[in-house]
Each structure stands twice: as C-alpha cells, then as structure tokens.
Amino acid sequence: ELRDLTYVYPGEAAGDSASPRPALRGVSLSIREGEWLALLGANGSGKSTLAKHLNALLVPSQGECIVYGLDAADEKNACAIRSSVAMVFQNPENQIVGTVVEEDTAFGPENQGAPSGEIVRRVEKALGDAGLLAKRKKPTYTLSGGEKQRLAVAGALAMDTPCLVLDEPTAMLDPQGRSELLDVLEKLHRSGKTIVYITHRLEEIVRCDRAVILHEGAVAWEGPVTALFLSDLPL
C-alpha cells in the first residue's frame, strides 16, 4: 500500500535547485494479494524507484509504504519485508554474489535461515524453473548475459516469498526465453503469488491482471490490462 509516496534521491535533495525533482511524487497505489500487476512507463518515469520501495531498499521521503502490514520506513521491519518480497533487478550483475550457479541461487534461502534440506529442494526447483539446472555446477562468470538474467530470477524464486518484484527480467532473453519465463510466472500467479512486473514490452503484459502507467514519477493511468489495450492511450 503506497500512500501519497514521494521520493527524492539524496543527490537531488542536496543539489543547487531550491525545488529538487522527485523521482516519485504523490504516488498512491494498492497492490492486491495474489494479483499480477504490470508496471509501465518511459525510462525515468520512476518504475525502478517504486519497485525498490516494495522491499525497503528505499524508504519514502514523504508519505508511506506499507508492505504486509509493516511500515517500510522502520528499519526494524526491513528483514521481515525482504523475506516477503523478493526482487529481480534490471541488471543481473547487481545481484549475483556466488561464484557457482547453485551457490548463488542458495544465497537467499541461506540468509532466510531455511533448513539445509529445504535449501537443496528450493535451489533445484528454482534452477529447473529458470532453465539452468544443467548449469548448476558452472562458475557464474562463464554464463552469458541471458543466463545471468535467468540466474537472478532463480535466486528470487528460491526465496519462495509470497511476492515477487521483477524489473525488466526479460531484457537479455531471446523470444523463447521470454516465453518460458512468462510461463513460469503464470504458474506462480495461479498458485497465489503476488507479482509486480516491470516491462517495456506490451506483448508481455497480456497475462497480467492490471496495469499501472507512471509518467514523471506519478501515476498517469491504472486499470485492467484489457482496458489499457482498448484505450486511446498512445501505446
């Protein structure tokens, strides 16, 4: 639940301008449990900034971000929030920490304190869903760009959180890879997982329940995906 959320990056706030430009301004948005939400907008519209609020990587300059009943601005809630909301970043290099594929995938569950047997089960399933099971013993530096993106997705899936936030997760994938990932997400959605999906590809949002369009840090449009395609917006 985002309530009149405004965010100004520290560099902007400390700049010479008397009125720093917010990355997000007055955003109010409810994300329903179990929905698949598409987050759209041009580069610089605030999509990634909004996404980082959902697992307390950023906290509001003004307003509130409430995640599963927890105020993201309270540092004491950060661990619990991140155990509920896994995130796939736009650049997979930013979240690969292990030297071997299966070790990197296990990083999240290990930090959650999951039992070793549960970690093994989660890692195997996540790598299978991401199409990397055959590469589980490979060094991460040997992976292609698309494989690294799959690995980032696998790491998020292995955390088995009720909510998954993905920031352009198919940017480095070929058409088959994109289709396979969307199939995995559709299966997760049917199982009840909440998904927030950032993309520039309109063909990828047809499976989503609802779309939100950001423009210059504010919500410019929101509604069912079918209504978006029937609208007169310049898509």
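Leu 164 touches Ala 86, Ala 156, Leu 157, Leu 185, Leu 188, Lys 193, Thr 194, Ile 195 and Val 196, leaving aside residues up to four places away in sequence; contact here means heavy atoms within 4.5 Å. The model is predicted, so local features need pLDDT of at least 70 and side-chain atom pairs count only at pLDDT 80 or more, while totals for chains, interfaces and linings use all residues. Residues are numbered from 1 along each chain as its sequence is written, and side-chain values use heavy atoms, with hydrogens and water left out.

**Nonpolar cores**

- Leu 164, Leu 166 and Leu 185 touch the most other members of the largest nonpolar core, which has 41 residues. A nonpolar core is a set of buried Ala, Val, Leu, Ile, Met, Phe, Trp, Tyr and Cys residues joined through side-chain atoms within 4.5 Å.
- Helix H6 (residues 145-158) gives the most to this core, with 7 residues. Helices (H or I, at least four residues) and strands (E, at least two) are DSSP runs, numbered from the N terminus.
- Another core, of 26 residues, lies apart from it and includes Leu 2, Leu 24, Val 27 and Cys 163.
- Leu 24 lies in strand E2 and is buried at 1% relative accessibility. Buried means under 20% relative accessible area, exposed over 50%, and partly exposed in between (1.4 Å probe, protein chains only).
- The contacts of Leu 24 are Leu 5, Thr 6, Tyr 7, Gly 46, Thr 49, Leu 50, His 53, Leu 214 and Gly 217, not counting residues up to four places away in sequence.
- Between Leu 24 and Gln 176 there are 34 Å in space, C-alpha to C-alpha, and the two are 152 residues apart in sequence.

**Strands and sheet**

- An open sheet is formed by 4 strands in the order E2-E1-E4-E5, with antiparallel pairing. Two strands pair if DSSP finds at least two bridges between them.
- Strand E2 (24-29) and E5 stand at the edges; each has a single partner strand, so one side of each is left without a neighbour in the sheet.
- The antiparallel pairing of E4 and E5 runs over 2 bridges, and Val 67 stands opposite Leu 70 in E5.
- Strand E6 (residues 85-88) pairs with strand E7 (residues 163-167) in the parallel sense over 4 bridges. Met 87 has Val 165 in E7 as its bridge partner.

**Cysteines**

- The whole structure contains 0 disulfides, a disulfide being a pair of cysteine sulfur atoms within 2.5 Å.
- The sulfur of Cys 65 is 10 Å from its closest cysteine sulfur, in Cys 163, which is too far for a bond.
- Cys 65 is buried at 1% relative accessibility, and Cys 163 is also buried, with a relative accessible area of 8%.

**Backbone**

- Most residues other than glycine have a negative phi.
- Asp 4, which is not a glycine, has a positive phi near 50° and lies in strand E1 (residues 2-7).
- Tyr 68 also has a positive phi, of about 50°, without being a glycine. Tyr 68 lies in the loop between strand E4 (62-67) and strand E5 (70-71) and is partly exposed, with a relative accessible area of 41%.
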